Amino acid sequence: MFQFVVRRLIATIPTLLGVMVAVFIALHLIPGDPVVAMLGDMATPEQVVAVRHELGLDRPLPLQFVSFVERYLRGELGNSIRTRRPVAEEISDRFPHTFLLAAAGVFIAVLFGVPLGIIAATRRGSMLDLVSLVLSMTGIAAPVFWVGLLLSMLFAIRLRWFPAIGAGKPGDLVSILQALVLPAFTLGFSTMALIARMTRSSMLEVLREDYVRTARAKGLSEKIVLYKHALRNAAIPIVTIVGLNIGYLLGGAVLVETVFARPGLGKLLVDAILARDYPVVQGVTFFVATSFILVNLLTDLIYALLDPQVRLS
Amino acid sequence: MKRRFWRNPLILTGGVIVLLIVFTAVFAPYLAPIDPTSQSLAQRLLPPGTKGHLLGTDDFGRDLWSRIIYGSRISLLVGLISVAIGLVVGSFLGIVAGYYLGWIDMLVGRVTDVLMAFPSILLALAIMAVLGPSLTNVMIAVGITSIPRFTRVTRGSVLALRERAFVEAARGIGATNNRILLQHILPNILSPVIVMASTGIAGAILSEASLSFLGLGVQPPTPTWGSIINDGKQYLDIAPWIATFAGTAILLAVLGFNLLGDGLRDLLDPKLKT
């Protein structure tokens, strides 16, 4: 297992370096002068020169890249053009909101997706199976921001059960949780659909295995057969789907945060793009991609822990 | 095969929805009663069923039915072109990497890893931030995000095929690499590529809608489903139909292509059936 962990960690390094290269190059691919694009046509030549110097764009490209990598490795992601605050600070302010949203999204997706999949598998062909199928297909096909608006329309505007926007009052747990419910359900809906489908097919496969038949033949209750024998073995693909979807959830959070005006990383990114605040765009993109790589790494490790064949291959 | 095609409920349902959307996009000028960009402030926010406005109007008094009909053109165009970009570039890279292996494979593998290190909507957003919002750039951005998936699938298929007896035989009789790739390997990897293209169009439609919703896609006044939802966002309490109908259009389109893709997968590659 140790060797597997080391191997996977080493394999992550070139990807991280590649992400840095991509984020660095992006600024240089902007048509025209990126500094003029950032500051707008009204900027004075002095301002342009100052920002160009601040971003290191007045130096040769290889030197720019070396200092970019050095800065990023130290966690210095530059300053926002708009707010003049360090990008790393902006990210650390916003990240808890996005993390909370993604975690709540996963929680809801697993909480509803796994039982829905089990019910569909154990009652294959029944009305419940059909309902689960329709719900899953809809969940996968419905745009996440639209689901958010529909939930907002019903539960915030009509019924007034939850707030339509914001992340709650800081320090007030009840208000934070209230503000989290709709965004979390929105974000978790499509992942719930995927988890339900995966649980169903995985359970159906496992339920056909000899050891399940043996367990039933021993006279074990259906509950024990399902949860102790079948679900445990069906869990591996479910864990993979959950892991792979955390990355998707980070992406989906961009849209959900916009719908519910939550001050997370996604909203920070979209606002930065609209304001052409490129240091923030670069910093957030790098941060999210790095988180995504680490989550995938963690998924691989959990996967290897659950299934010895993976770490031996 | 032909009989199985017509008997597959997923293909039939998905195919009918897709055909309906293609029909709508092609014949939009005949199906839309009013110019989708023509405004009439006297007729703003009319509810569905109002005479002359089947689905009502938006905040500028524009006919929602016409806007949704014309929106199908953008969705379909972005879906098709961006998947074509992903398919051509991704499959080319996957085939070359899987067949030649060595440093080419390593390089392609690293590039694919980097592209896959970004959640796809984030990658599309970052590309749009660099290129600026326009229809062409949306197609490029969404196309780039679909490249790694095609590369992975084709590389895997080619890896499995390159050691097969018929490829060895072709090599044995002196066939060139180009001939082996084009005549022996390419036809055998078409099935997974076709399946991926269908579900890829669904993903591209969702990505385009997301970019438009965020105001970073195709710019107004061109009607797109995502931008219609964005417009309707401010009027959820008094005109909920704007966002509801446009979202339903996206849901149907994505569902159609997903069902078609699933059906084709069952038909062409039963091993992958879940």
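This is a predicted model: local features need pLDDT of at least 70, side-chain atom pairs count only at pLDDT 80 or more; totals for chains, interfaces and linings use all residues.
Hi everyone. Helices here are DSSP runs of H or I that span at least four residues, and strands are runs of E with at least two. With that in mind, the secondary structure of chain B comes to twelve helices and zero strands.

Reading from the N terminus, its elements run α-α-α-α-α-α-α-α-α-α-α-α. Its C-alpha atoms fill a box of roughly 75 × 45 × 30 Å along the principal axes. Of its 274 residues, 50% count as buried. And if you take the contacts in chain B with a separation of 6 or more, residues 24 or more positions apart account for 70% of them.

Now please find two helices in chain B, α2, which covers residues 9-26, and α12. How do they sit against each other? Their axes come within 7 Å and cross at roughly 140°. An angle over 145 degrees would count as roughly antiparallel, and these two helices are therefore oblique to each other. The crossing of α2(B) past α12(B) is left-handed. On the α2(B) side, the residues that meet α12(B) include B:Leu10, B:Ile11, B:Gly14, B:Gly15 and B:Val18. On the α12(B) side, you will find B:Leu252, B:Gly256, B:Phe257 and B:Leu260 among them. By residue type, this helix contact divides into 13 nonpolar, five polar and two charged.

Over to chain A. Its secondary structure comes to 13 helices and zero strands. The C-alpha atoms of chain A fill a box of roughly 85 × 55 × 35 Å, again along the principal axes. Buried residues make up 40% of the 313 residues in this chain. Among its contacts between residues at least 6 apart in sequence, 72% join residues at least 24 apart.

How confident is the predictor about chain A? The average pLDDT is 87, and 98% of the residues score at least 70. Within chain A, confidence is highest in helix α7, residues 144-158, at 94, and lowest in helix α13, residues 308-312, at a mean of 64.

Here are two residues of chain A to look at. Is A:Thr44 buried or exposed? A:Thr44 lies in the loop between α2 (34-39) and α3 (45-54) of chain A. It has 9 other C-beta atoms within 10 Å, and since 12 or fewer is the cut-off for exposed, A:Thr44 is exposed. A:Thr44 and A:Glu89 are 45 residues apart in sequence and 28 Å apart in space, C-alpha to C-alpha.

A:Ala120, in helix α5 (residues 87-122) of chain A, counts as buried, because it has 26 C-beta neighbours inside 10 Å and the cut-off for buried is 20 or more. Beyond its neighbours within four places in sequence, A:Ala120 is in contact with A:Leu128, A:Asp129, A:Ser132, A:Ala196 and A:Arg200. From A:Ala120 to A:Lys218, the separation is 98 residues in sequence and 25 Å in space, C-alpha to C-alpha.

Last, let's bring the chains together. How many residues does each chain give to the contact? It takes 38 residues from chain A and 33 residues from chain B. On the side of chain B that touches chain A, α5 (102-116), α6 (120-131), α10 (190-213), α11 (225-233) and α12 (241-268) each supply at least two residues. That side of chain B divides into 23 nonpolar, six polar and four charged residues. Note that α12 of chain B turns up here as well as in the crossing with α2(B).

Notes. Residues are numbered from 1 along each chain as its sequence is written. Chains are lettered from A and ligands numbered from 1 in the order in which they are written. Two residues are in contact if their C-beta atoms, placed from the backbone, lie within 7 Å. Ala, Val, Leu, Ile, Met, Phe, Trp, Tyr, Cys and Pro count as nonpolar, Asp, Glu, Lys and Arg as charged, and the others, Gly among them, as polar. Axes are lines fitted to C-alpha atoms, for helices over the stretch in contact, and angles run from 0 to 180 degrees between N-to-C directions. Angles under 35 degrees count as roughly parallel, over 145 as roughly antiparallel, 65 to 115 as roughly perpendicular and the rest as oblique. A crossing is left-handed if the near helix is turned anticlockwise from the far one by less than a right angle, and right-handed if clockwise. pLDDT is the predictor's confidence in each residue, from 0 to 100.
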